[in-house]
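Please open the model in a viewer and keep the sequence panel beside it.

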Amino acid sequence: MVDSGGLWTPPEDELGEALQTAQVLIEEGRADEAGPYQQRVIELARERAEGHPNHYEAKHLMAATQYELAGSLNASGRHEEALAALHEAQLGYTELQDAGVLDATCFLADVRARRAMTQAHRGHGATAVLEMDGAVIAYGQLVGGEDGLKHQPDFARVLAMNALILRRYGDPALAVASADAATQLFLQLADQINESPQSLSYARYLCTATAVSADVHAAEGRLDLALEADEIGLTTADTLADSDSATDMRTLVAALVRKGKHLGIVGRLEGEACLRTAYDTDAETAARVVEELDRGLPLTLVAALENAEIKLGPFEQYHRLVALSEPAPGMTLATVSGRTDPESAAQRATELAELVKPLLSQDGNAALTLGLEAHYLFAISSERESHRMRFQTATYVPIWAQLLLDISEAYFQAGRTDIALDLGGWCAEVATALIPYADDNELMKDLAGACYRHHGNLLAATGDLAASHHAHEAAEQLQLGR
């Protein structure tokens with residue numbers, strides 16, 4: 001969301017002019033050009049706050065602008081810098097909340113959502129899924145609260161972002177549930193959104209949601225629903241393309257390609273006209289979208305379990321794991337955390353993990369799908385501080401660490417270095433929880449050391465030699481009992 005309220009109002013001076021220029025550029029879809037103006041806003045706001053520890057208006061402005069700056073940095077491909085800006089935004093909002101001058105719940109959820117998108121841009125999809133899961137849950141609670149109505153447009157926005165990330169790194173069944181919910185909510189709120197100064201931004205997220213809906217419904221053979229989503233997305237994208245934004249024009253081309261491909265599947269000749277228009281407008285974008293559609297979707301959890309049963313034979317936990325495809329009581333299934341409660345999550349994750357190693361050599365795609373789903377459930381159970389993850393650490397954390405070691409290595413061997421490194425980082429972090437048990441348990445010590453070394457090897461493979469050295473040093477010190 002664009003944080004333009006709360007403790008501060010835009011001043012009428014250089015700071016205000018820089019802020020206004022940045023906001024206009026963002027609304028026009030030219031976020032990559034807004035960065036210098038945002039940097040100037042932060043600089044001027046910091047000057048005003050210096051020597052005034054209770055100058056909360058300036059601190060709020062700095063946090064809000066750091067958040068917006070992260071979006072501009074992402075648009076420029078500067079993702080590491082974007083993560084740093086989001087860290088500063090989170091610190092700023094947390095300070096304001098701790099001081100009791102601002103309820104920063106929605107702002108912190110937005111920081112988490114943008115951090116998820118940043119991680120996805122870097123190829124760190126496992127972290128992205130979990131970050132966005134937290135953002136969706138936070139907004140779901142806000143929508144259910146006293147001021148729920150005012151948060152609904154941003155809940156729809158976060159659901160659209162969640163759908164995009166799940167389409168790439170999670171279960172397509174969850175992705176389409178999130179996308180359909182976002183689309184429905186955007187349409188219900190159309191009058192309210194059209195009167196908002198952020199109406200163009202919301203329209204872009206509506207296009208994101210309809211694209212995911214169309215992709216998944218078409219892949220599952222629900223062409224009527226896919227074409228319905230295509231029509232909404234194309235109409236919205238056509239309106240957006242009246243701007244001077246190259247990004248909005250690419251969105252229109254992508255919508256034309258999707259509709260053209262889906263019309264072709266049902267044998268309607270106008271699909272050829274859509275594709276021809278798309279290629280005539282921007283051949284590079286059209287070709288990229290066609291390639292993406294032809295590549296297809298990841299396996300759903302249910303499909304991966306079915307494949308596992310075919311390859312491994314019947315297994316006792318099959319029906320319990322298939323039940324994860326239905327929402328837990330009181331939950332809507334648009335996030336991984338909606339699959340089950342935090343206590344059961346560790347159990348189901350363990351049952352999924354048991355399938356991964358034997359399946360890796362027979363069906364790598366199914367094994368990696370089940371491995372990611374197990375990791376997500378372990379992480380959610382840990383973040384929610386379930387009894388099992390807190391007080392039965394020696395039982396569950398070694399299983400989690402070994403799982404991460406196995407799937408991270410498998411992704412690396414498959415040439416998917418970014419997500420391998422992402423999971424390798426998780427592997428090293430989880431291994432740290434094993435250290436208290438390492439003195440009395442050689443297996444724990446060896447597993448933790450293997451996790452550190454694996455992470456170090458991945459860091460070296462990606463050129464981060466200094467961090468690689470630290471990881472290998474940690475493994476050596478662990479082995480020596482230091």
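The stops below cover the domains, their interface and a series of salt bridges.

The model is predicted: local features require pLDDT of at least 70, side-chain atom pairs count only at pLDDT 80 or more, and totals for chains, interfaces and linings use all residues. Residues are numbered from 1 along each chain as its sequence is written, and side-chain values use heavy atoms, with hydrogens and water left out.

**Stop 1: the two domains**

Select residues 147-298 as domain 1 and residues 302-480 as domain 2; these bounds come from an automatic or database domain assignment. Their C-alpha centres lie 32 Å apart. The contact (heavy atoms within 4.5 Å) takes 8 residues from domain 1 and 10 residues from domain 2.

**Stop 2: the interface**

Display the surface between the domains. Domain 1 and domain 2 bury about 680 Å² between them, 57% of it on carbon and sulfur atoms. Buried area here is the accessible area, taken with a 1.4 Å probe, that two parts lose on being put together, summed over both.

Which side chains meet in a salt bridge here, D171 being one of them? D171 pairs with R339 at 2.9 Å, N to O. A salt bridge is a side-chain nitrogen of Lys or Arg within 4 Å of a carboxyl oxygen of Asp or Glu, and the rule finds 1 across this interface. On the side of domain 1 that touches domain 2, the elements giving two or more residues are α7 (148-169) and α8 (172-188). Helices here are DSSP runs (H or I, at least four residues), numbered from the N terminus.

**Stop 3**

The structure holds 30 salt bridges in total. Select R114 and E68, whose side chains meet at 3.9 Å, N to O. R114 belongs to helix α5 (residues 105-121) and E68 to helix α3 (residues 56-75), so that the pair links parts of the chain 46 residues apart. Both R114 and E68 are buried, where buried means under 20% relative accessible area, exposed over 50%, and partly exposed in between (1.4 Å probe, protein chains only).

Move to R167 and E292, another salt bridge at 3.9 Å, N to O. R167 sits in helix α7 and E292 in helix α14 (residues 283-295), 125 residues apart. R167 counts as buried because its relative accessibility is 7%; E292 is also buried, with a relative accessible area of 19%.

**Stop 4**

Select E442 and K445, whose closest N and O atoms are 3.8 Å apart. Both lie in helix α23 (residues 442-461), 3 residues apart, about one turn of the helix. Are these residues buried or partly exposed? E442 counts as partly exposed because its relative accessibility is 46%, whereas K445, at 9%, counts as buried.

**Stop 5: a network**

Finally, select R112, R115, E131, D133, E383 and R384, which are linked in a network of salt bridges. Centre the view on D133, in helix α6 (residues 125-143). D133 is buried, since its relative accessible area is 2%. Leaving aside neighbours within four places in sequence, D133 is in contact with N162, T335, V336, S337, I380 and R384.
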